[in-house]
Amino acid sequence: TMPDRLQLIHSSRLSEGKGTFLVVEVCALLRDRGVAFDARITGGADAETMARLHALIAERGLENRVKVLGRIPEEELLDLLGRSDVLIHLSKIDSYPLIVLEAMACGLPVLYSANGGVPELVGTETGVGLECPEDWETPRPPTAEAMGEGMLKIAEKHGAMGTLARARAVERFDIQPWIQRHREVFEQLLK
């Protein structure tokens, strides 16, 4: 079931390429569909990008629902992830975004652009991947309809998806098995 008020987070270098402006569009779609939510956007950006971001939030009438926190300390980000329901990661292309793994480890499902390495990280049961043709020449973001439908799908199943996200992060990306495997390899080499 959907929480009373969905808590969304986006964290990255704030830019067009990282999908930051698309997050605002997702929020506008959710508002228009009557979904209660709060969104937090964290990360650094130049003054021009920050001004454009704040202007878009105001233009969409989302000042009371979307807060831009800027760059925050890691401890604060982890706390924020722990209090969130969904990570929105609509990057144009990303090979191995650490924020996705951190969010999954905190039990968050992910709404993401299905390109780069993100689909392999998230899988099909721990988030919703949106078609976003890989094209370095022309950015091709997911459609507004796909973003809205994907977010609603996650909102309805966020509890189960979050549990699976945490399990996937621990099972596939926990560092301890890697350390043990390297230890075994080095011990064999030293014999």
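1. A polar contact is a pair of N or O atoms within 3.5 Å; within protein, one atom must be able to donate a hydrogen and the other to accept it, and residues adjacent in sequence count only if both atoms are side-chain atoms. S91 supplies a case: a polar atom of its side chain lies 3.4 Å from the backbone oxygen of G17.

2. On the basis of the note: this is a predicted model, where local features need pLDDT of at least 70, side-chain atom pairs count only at pLDDT 80 or more, and totals for chains, interfaces and linings use all residues. Residues are numbered from 1 along each chain as its sequence is written, and side-chain values use heavy atoms, with hydrogens and water left out.

3. The sheet. Two strands pair if DSSP finds at least two bridges between them.

4. Strand β1. Is β1 enclosed or open to the outside? Strand β1 (residues 6–11) is largely enclosed by the rest of the structure, because 5 of its 6 residues are buried. Buried means under 20% relative accessible area, exposed over 50%, and partly exposed in between (1.4 Å probe, protein chains only). 6 bridges join β1 to the parallel strand β2 (residues 37–42). H10 has I41 as its bridge partner in β2. From β1 the chain crosses through helix α1 (residues 20–32) to β2, and this β-α-β crossover is right-handed. That term applies if, with the strands pointing away from the viewer, the path from the first strand over the helix to the second runs clockwise.

5. Contact means heavy atoms within 4.5 Å.

6. Cores. A nonpolar core is a set of buried Ala, Val, Leu, Ile, Met, Phe, Trp, Tyr and Cys residues joined through side-chain atoms within 4.5 Å. The largest one has 35 residues, and L8, F37, L111 and M151 have the most contacts inside it. Elements giving two or more residues to this core are β1, α1, β2, α2, β3, β4, β6 and α6. Its largest share, 9 residues, comes from α1. Not counting residues up to four places away in sequence, M151 touches L6, L8, V26, L30, V86, I88 and L111. A second, separate core of 19 residues includes A103, V110, V122 and A169.

7. Helix α4 (98–105). Its buried residues are I99, V100, L101, A103 and M104. Their cover includes β1, α3, β4, β5, α5 and α6. Just after α4, G107 takes a positive phi of about 85 degrees.

8. S91. This residue sits in the loop between β4 and α4. S91 is buried, with a relative accessible area of 2%. Beyond four places in sequence, S91 touches G17, K18, G19, S113 and N115.

9. T126. Its place is in the loop between α5 (118–122) and β6 (127–130). The relative accessible area of T126 is 4%, so T126 counts as buried. Outside four places in sequence, T126 is in contact with M104, P109, V110, M161, L164, A165 and R168. T126 and R168 are 42 residues apart in sequence, and 8.0 Å apart in space, C-alpha to C-alpha.

10. I72. Which residues does I72 contact, leaving aside its neighbours within four places in sequence? They are T42, L77 and L80. I72 is found in the loop between β3 and α3 (74–82). I72 is buried, with a relative accessible area of 17%. I72 and E156 are 84 residues apart in sequence and 30 Å apart in space, C-alpha to C-alpha.

Note on methods. Helix = DSSP H or I, 4+ residues; strand = E, 2+ residues; numbered from the N terminus.
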